[in-house]
Amino acid sequence: MNEETMEGKCLCGAVSIKAKTTKDVEACHCGMCRQWGGGPFIAIHCGPDVQLTGVESITEFDSSTWASRAFCKTCGTHLFYRFKPSNDLVVPAGLFQDQTGFELKEQIFVDKKPAYYDFSNKTEMLTEAQVFQKYASK
C-alpha cells in the first residue's frame with residue numbers, strides 16, 4: 001500500500017492486517033455481533049483494499065447470505081467481518097496497535113441494542129432498516 005497505513009495482528013501474530021489509515025470507529029449492536037464477541041462489535045470499516053498476511057491461519061465462516069466472519073484458527077482472535085457484495089472488511093478496532101485518534105462516529109442496529117449497556121458518545125445512530133438502506137446501494 002502506498003498511502004499511510006495502519007497495521008494490526010492477532011494475539012499469536014500468525015495473521016496481520018494492513019489497511020488505509022482511518023480514525024472513524026463504529027459500534028454494531030446486532031444480535032449476531034453480540035453473540036460473536038460477547039458485546040457490541042467495535043470496529044473500523046476498512047473497505048476492500050486490505051492486505052492480509054498469514055491467510056493459511058484464517059478461518060472464514062459464512063454467517064449470513066451477505067456476510068462472513070473470520071478468525072485466527074490458532075488463537076481465535078476475531079479478524080474481520082466481510083460484506084460479500086462489496087468485499088469490504090470491517091476490522092475490530094482493538095486489532096490495530098496504534099489507536100491514537102480513534103473516535104466512535106457511528107452506532108448501527110441501535111434498535112437491537114439491549115438495555116444493559118449504553119455509550120455516552122454522541123454518534124450517528126442507525127436502525128436495522130437504515131443500515132440496510134445505506135449499504136444495500138453499494
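Strands E3 and E4 pair in the antiparallel sense over 4 bridges. Strands (E, at least two residues) and helices (H or I, at least four residues) are DSSP runs numbered from the N terminus, and two strands count as paired if DSSP finds at least two bridges between them. The structure is a predicted model, in which local features need pLDDT of at least 70 and side-chain atom pairs count only at pLDDT 80 or more, while totals for chains, interfaces and linings use all residues. Residues are numbered from 1 along each chain as its sequence is written, and side-chain values use heavy atoms, with hydrogens and water left out.

Strands of a sheet pair through backbone hydrogen bonds, either parallel or antiparallel. Because 4 of the 5 residues of E3 are buried, this strand is largely enclosed by the rest of the structure. Buried means under 20% relative accessible area, exposed means over 50%, and partly exposed lies in between (1.4 Å probe, protein chains only).

The largest nonpolar core has 22 residues, of which Ile44, Cys46, Leu79, Val91 and Phe96 touch the most other members. Such a core is a set of buried Ala, Val, Leu, Ile, Met, Phe, Trp, Tyr and Cys residues joined through side-chain atoms within 4.5 Å. Two or more residues of this core come from each of strand E2 (16-20), strand E3 (24-28), strand E4 (41-47), strand E7 (67-72), strand E8 (78-83) and strand E9 (88-92). A second, separate core of 14 residues includes Phe41, Phe83, Val131 and Tyr135.

Leaving aside neighbours within four places in sequence, Ile44 is in contact (heavy atoms within 4.5 Å) with residues including Met6, Val25, Leu89, Val90, Phe96 and Phe102. Val90 is placed in strand E9 and is buried, with a relative accessible area of 6%. Although Val90 and Ile44 are 46 residues apart along the chain, their C-alpha atoms are separated by 5.5 Å. Residues up to four places away in sequence not being counted, Val90 touches Glu26, Phe41, Ala43, Ile44, His45, Phe80 and Tyr81.

An open sheet is formed by 3 strands in the order E1-E2-E5, with antiparallel pairing. Its edge strands, each pairing on one side only, are strand E1 (5-9) and strand E5 (51-53). From one strand to the next the twist averages 15°, where axes are lines fitted to C-alpha atoms, for helices over the stretch in contact, and angles run from 0 to 180 degrees between N-to-C directions. E1 and E2 are joined by 5 bridges, and Ala19 in E2 is the bridge partner of Met6.

The loop between E5 and strand E6 (58-62) contains Ser57. This residue counts as buried at 11% relative accessibility. Its contacts, not counting residues up to four places away in sequence, are Ala14, Val15, Phe71, Cys72, Lys73 and Thr74. E6 itself pairs with E7 in the antiparallel sense over 5 bridges, and a hairpin joins these strands through 4 residues. Asp62 stands opposite Ser68 in E7.

The largest pocket holds about 440 Å³ of space. On a 1 Å grid over the protein atoms alone, a pocket is an open set of points where a 1.4 Å probe fits, with protein on both sides within 12 Å along at least five of seven lines, and lining residues have an atom within 4 Å of a point. Grid points are joined across faces, edges and corners, and the volume is the space filled by probe spheres set on the points. Of the 25 lining residues, Trp66, Tyr81, Ile108, Phe109 and Val131 lie nearest the centre of the pocket. Helix H2 (128-136) is among the elements that supply at least two residues of the lining, and H2 gives the largest share, 5 residues.

Phe109 lies in the loop between E10 and strand E11 (124-126). This residue has a positive phi of about 60° although it is not a glycine, and at 10% relative accessibility it counts as buried. At 35% relative accessibility, Asn87 counts as partly exposed.
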